[in-house]
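Please read the following briefing alongside the sequence and the structure.

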2 protein chains.
Amino acid sequence: MDGPVNMRVSTASSAAAHTADCAIFAFSEGELRVLLVRRSVEPFAGSWLLPGGAMSQEDTLEETARRVLLELVGVQDISLTQVGTFSDPGRHPVRRVVTTCYYALVRPENHTPTPRGHLSDAAWYRLDDVPPLGFDHDELLRAAHHQLIQHLRERPMVFDLLPERFTLTEAQQLYEGILRERLDRRNFRRKMLSYDFLIETDEKRAGVQGGPLLYRIDSAALRRAEKR
Amino acid sequence: MDGPVNMRVSTASSAAAHTADCAIFAFSEGELRVLLVRRSVEPFAGSWLLPGGAMSQEDTLEETARRVLLELVGVQDISLTQVGTFSDPGRHPVRRVVTTCYYALVRPENHTPTPRGHLSDAAWYRLDDVPPLGFDHDELLRAAHHQLIQHLRERPMVFDLLPERFTLTEAQQLYEGILRERLDRRNFRRKMLSYDFLIETDEKRAGVQGGPLLYRIDSAALRRAEKR
DNA sequence: ACAAAAGTGTTGAAGGTACACCCATGG
DNA sequence: CCATGGGTGTACCTTCAACACTTTTGT
C-alpha cells in the first residue's frame, strides 16, 4: 500500500529504478516489423533490445515511453498501450530495475530510427528474424505481441500501422502478420467493408495487377467504433 | 531501456518506491465483495484503501502482492492477475510511489481479515457500497474490476470465488455480481452445463426451496479449459 | 496471350438471445 | 396450500468458416 510510514519503503535508499520499454510495431513491404536497438555498453553490450528509457522524477511511465518514441523515431501522438510490468530481481544482472512494457503502432512513413546515447544501432526486424534479445526482452516482446493479438481480435485497431491510403490486401497482410495465421480473402474483405469508418476512394493502386481500389479511414468514425 | 549507464538512472538517490496493491474479491451472501483496509496514518489517515505493500529488494511485485494476501487474509496459493501499473507523480501527495495493481479471487471460507501495522480496520464491501478511496485507489479498483469483467467474458475463471459445492443459482449470482448485469437463467445454465469440468453431485442444498442440486469443479479439467 | 492479383456470394455450423410453464421444497 | 425458487426447450438471429470462378491489369 502507499505510505511513507511503511518501513520497507522508508529504507528507500535501495529503491529499484523504473524503466519503460517499447515494442514499436510498423508494417512495411507487406511484413509486420518491430524496432530493435543495439546496446553498446555492458551489461549486454552488442545485444539487441527493445528500446526503452528510465522514468524520471516528473514523468509518468507513459510519458517516458512517449519520450523514447520521440527521440528514437521522431514520432508523436502515437497510441501507446501498457502491456505489463516485469519485476524479477534477476532480470537485470547488475542493479534492480523494474520495467513496464508498452506497445506502439507507427506508420512506416515517419521513421528513420536514429540511435543515440548508448546505442550503436537501430533497425526494423521482421518478427521471424528477431534475434535473441538482451535482458528479458524476449519475454517482453512476446507479451507485447500477445497483447496486440488479443486486442486485434476484439476490435479493429491497427490502422495506425497503415498508410493514409491502402488496399484491402495490404490490410489483410497486416492482420495476417499480426495474428500469424492465414485469413480467407472474401471473409476478411466482408468484415472490413462492414465497418463504416472504412471509406472507398476512387483511386486505384498503380503498378499492381488487378488494379486494386484504395481505401482510407474516417478517423472520427473509427474513434467512435473503438470506444465501443 | 535497462542499463546502469543511463544518466537519469544513475542519479538513483531519488528512485521511486514501488508497491503492489490488491483488489481482493470474494463472494458471500449472494454478493460480490472487495476487501478494503482503513489507513491509520497520514497521508489519507482514516481513508479506505485497497490493501497493498511495498516491494522489497528480493521480491517480485507478484510475491509482494502474495505476501499482502497472506498477511491480511491468511490465504495462500491464490491466483493473482496483474492489472496495470500506475505512475502519476501526483498520485501520492508526499513521495513518489509507483504501484502495480493485481486482482485476486478468494473463497469466502478462509478469510477473517486482520488489520495490522498502519491499518485500523479491514472489511468486505459490496461493490455498490465502496466509499471514496484514498490515493488513486478508486481508479485502481475500477481498472481491476474492468479487467475481471473482460477475463470472465472470455473464459470461465471465477470458481475460486465459489465454495467447494455450489448451486448453479449461486454461480449465476456471482456472474451477475461481476458483470453487473442480469442473465437469463436458462441460457446461463445451458452454458454452464456445457462445461465438462462442472460436475453434478447427488446432494441438494438443504433449507432452500426448490431443492437445488449441488455442483463441484473438476480442477484438472478446469485447468485444461483455462489453458485454451 | 498469359500470368498475377483483385473482386465477388452462398451455404452450413455454432453460439447467443429471447421467452413461459411446470416441479420441488419450505413455511 | 401457497409462496418461493429450481428446473426445462424452442425458435430466431447473428457471426464465423468454408469454398471457386470471373475480372482487371501488367508484362
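In this predicted model, the side chains of Arg126(B) and Glu31(B) meet in a salt bridge, at 3.8 Å from N to O, where a salt bridge is a side-chain nitrogen of Lys or Arg within 4 Å of a carboxyl oxygen of Asp or Glu. Arg126(B) lies in strand β7 (residues 119-126) of chain B and Glu31(B) in strand β2 of chain B, so the pair ties together parts that are 95 residues apart in sequence. Helices (H or I, at least four residues) and strands (E, at least two) are DSSP runs, numbered from the N terminus.

Because the model is predicted, local features need pLDDT of at least 70 and side-chain atom pairs count only at pLDDT 80 or more, whereas totals for chains, interfaces and linings use all residues. Residues are numbered from 1 along each chain as its sequence is written, chains are lettered from A and ligands numbered from 1 in the order in which they are written, and side-chain values use heavy atoms, with hydrogens and water left out.

**Salt bridges**

- Arg126(B) counts as partly exposed at 27% relative accessibility, and Glu31(B) is likewise partly exposed, at 26%; buried means under 20% relative accessible area, exposed over 50%, and partly exposed in between (1.4 Å probe, protein chains only).
- Over all chains, a search of the whole structure finds 24 salt bridges.
- In chain A, a network of salt bridges links Glu31(A), Arg126(A), Asp128(A), Asp129(A) and Arg180(A).
- Glu62(A) forms a salt bridge with Arg66(A), with the closest N and O atoms 2.6 Å apart, and both residues lie in helix α2 (residues 61-73) of chain A, four residues apart, about one turn of the helix.
- Of this pair, Glu62(A) is partly exposed with a relative accessible area of 34%, and Arg66(A) counts as partly exposed at 31% relative accessibility.
- Glu170(A) forms a salt bridge with Arg205(A), in which the closest N and O atoms are 2.7 Å apart. Glu170(A) lies in helix α4 of chain A and Arg205(A) in the loop between β8 (198-204) and β9 (213-217) of chain A, so the pair ties together parts that are 35 residues apart in sequence.
- Arg205(A) counts as partly exposed, at 27% relative accessibility.

**Backbone features**

- The peptide bond from Glu42(A) to Pro43(A) is cis, with omega near -10°, and Pro43(A) lies in the loop between β2 (31-39) and β3 (48-49) of chain A.
- In chain B, the peptide bond from Glu42(B) to Pro43(B) is cis, with omega near -10°, and Pro43(B) is found in the loop between β2 (31-39) and β3 (48-49) of that chain.
- Arg180(A), although it is not a glycine, has a positive phi of about 60°; this residue lies in the loop between α4 (168-179) and α5 (185-193) of chain A and is partly exposed, with a relative accessible area of 42%.
- Glu29(B), also a residue other than glycine, has a positive phi near 50°; Glu29(B) is found in the loop between β1 (17-28) and β2 of chain B and counts as exposed at 72% relative accessibility.

**Packing of α3(A) against α4(A)**

- The axes of helix α3 (residues 137-154) of chain A and α4(A) come within 9 Å and cross at roughly 130°, where axes are lines fitted to C-alpha atoms, for helices over the stretch in contact, and angles run from 0 to 180 degrees between N-to-C directions.
- The two helices, α3(A) and α4(A), are therefore oblique to each other, given that angles under 35 degrees count as roughly parallel, over 145 as roughly antiparallel, 65 to 115 as roughly perpendicular and the rest as oblique.
- His145(A), Leu148(A), Ile149(A), Leu152(A) and Arg153(A) in α3(A) meet Tyr175(A), Gly177(A), Ile178(A) and Leu179(A) in α4(A), contact meaning heavy atoms within 4.5 Å.

**Chain A as a whole**

- Chain A contains six helices and nine strands, and its C-alpha trace spans about 65 × 40 × 30 Å along its principal axes.
- Of the 228 residues of chain A, 53% count as buried.
- Chain A is divided into domain 1 (16-154) and domain 2 (159-227), with bounds that come from an automatic or database domain assignment.
- The C-alpha centres of these two domains of chain A lie 27 Å apart, and 18 residues of domain 1 are in contact with 15 residues of domain 2.
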